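This report concerns a protein structure and the way its parts are arranged. Please look through the sequence and the model before reading on.

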There are 2 protein chains.
Amino acid sequence: MKHITAGDIKGMEKIFRLNLINSCTGYKSANLIATKSRNNLVNVAVFSSVTHLGSDPALLGFVTRPTHVPRNTYKNIKESSCFTVNHVQENMIESAHQTAAKYDEDVSEFQKTGLEEEYLDDFFAPYVKQSTVKLGCKYRNEYHIKENNTLLVVASIEHIYFDESIQAPDGWLRLDDAGTVAVNGLDGYALPSLLDRFHYARPGQEIKSFFKNKSSAEN
Amino acid sequence: MKHITAGDIKGMEKIFRLNLINSCTGYKSANLIATKSRNNLVNVAVFSSVTHLGSDPALLGFVTRPTHVPRNTYKNIKESSCFTVNHVQENMIESAHQTAAKYDEDVSEFQKTGLEEEYLDDFFAPYVKQSTVKLGCKYRNEYHIKENNTLLVVASIEHIYFDESIQAPDGWLRLDDAGTVAVNGLDGYALPSLLDRFHYARPGQEIKSFFKNKSSAEN
């Protein structure tokens, strides 16, 4: 196995380090965060840092650098206290990636990428029409991570939209039925297929699959 | 589309809410965090919250609830200031899930799950031998997320191990070559395949694939 040390990382060329360090922690979620400013300028940007924080209360977090692109997202969230999180699917990966381009502040990435705005249930921020799983979120707090001057934004989940067919009777959303992709590094998009789903683990008991025939997660 | 509101979420049965909220933010990373206590008791536990925080300095974070299982992980990190992050692959998903069982404090999940300890380059914490991508990390800080009494642990990446064949010339690790899985919700394990990888996005320019023939990411 190749061994890379802290000294090697420090000495790396910047883009090489970005690629390596962004891919070494495993797959990341692929979400479009959409917002609207007080002046009704809309914004949509791809994020790979949206993470589950807790289910009661239902909270998620994402990491942003307020002084960097996509800074409009953060500015709009601070102005409006709300944003939407929209899963990226296979047919949207080019459009999602294009939202990372440094457009001028008054340009809507919706107009430039083929992604469509959608307004649901009087929520102020737009959703992405094409997306098959969408969350309406309310800003709750932020934590300054001083080690690298980033912010962890904490938000509550106020609305969830999805096609009923992807939900199991116990509440679980089967993401490969939604067509949701995952991010590998900065710029790789991967499509997962479910291998298996397991019941709650207990000491001294064998792991049990949710599917009768363990060789197939399709049953 | 089905619409679920904040009120619906609040009123849900606990397990149903856990399943829904854990799966609605998209795929999560699948990592085994391994630690060792001052008394040389080892511990390994599956986490889905390990997230990239920044590449210069190389930082990752994960979320834990200090008063909940797997509390040994947190206790050992506080004692030793170090831990390892080991990617979960397809042939390890049962073992990885089994580490979530509530074993007694003096029981090593390594002994109970078939995962093997490995010590590399005098690092205090064990790695998971079977894992194809492993990180040696040093505790840097923690942030108390008061909205749900969790902790974001921030750590620096001190060592990276991987098979040289999965790295592109520009530093990127191709995770489907590593066999790395992703987590869907609390208990679903999915295997991603790379769809495409794109060059840096710029306004007014079409997205360019890293692969000549866009119909195949294998080229």
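Predicted model: local features only at pLDDT ≥ 70, side-chain atom pairs only at ≥ 80, totals over all residues.

Residues are numbered from 1 along each chain as its sequence is written, chains are lettered from A, and side-chain values use heavy atoms, without hydrogens and water.

Chain A is superposed on chain B by a rotation of 180 degrees with 0.0 Å of shift along its axis. The two copies are thus related as by a two-fold rotation axis. In chain A, the C-alpha of Pro192(A) is nearest to this axis. The superposition is by least squares on C-alpha atoms of residues with pLDDT of at least 70 in both copies.

| Item | Value |
|---|---|
| RMSD, chain A on chain B | 0.0 Å |
| C-alpha of Pro192(A) to the axis | 1.8 Å |

The copies meet through the same surface, because 100% of the interface residues of chain A are also interface residues in chain B.

Six strands (DSSP E runs of at least two residues) form an open antiparallel sheet in the order S2(A)-S12(A)-S13(A)-S13(B)-S12(B)-S2(B). Strand S2 (28-29) of chain A and strand S2 (28-29) of chain B stand at the edges, each with a single partner strand, so one side of each lacks a neighbour in the sheet. S2(B) pairs with S12(B), residues 182-184, over two bridges; pairing requires at least two bridges found by DSSP. Ser29(B) lies opposite Ala182(B) in S12(B).

Leu60(B) touches Thr25(A) and, among others, Phe83(B) and Ile157(B), not counting residues up to four places away in sequence; contact means heavy atoms within 4.5 Å.

Methods:
Helix = DSSP H or I, 4+ residues; strand = E, 2+ residues; numbered from the N terminus.
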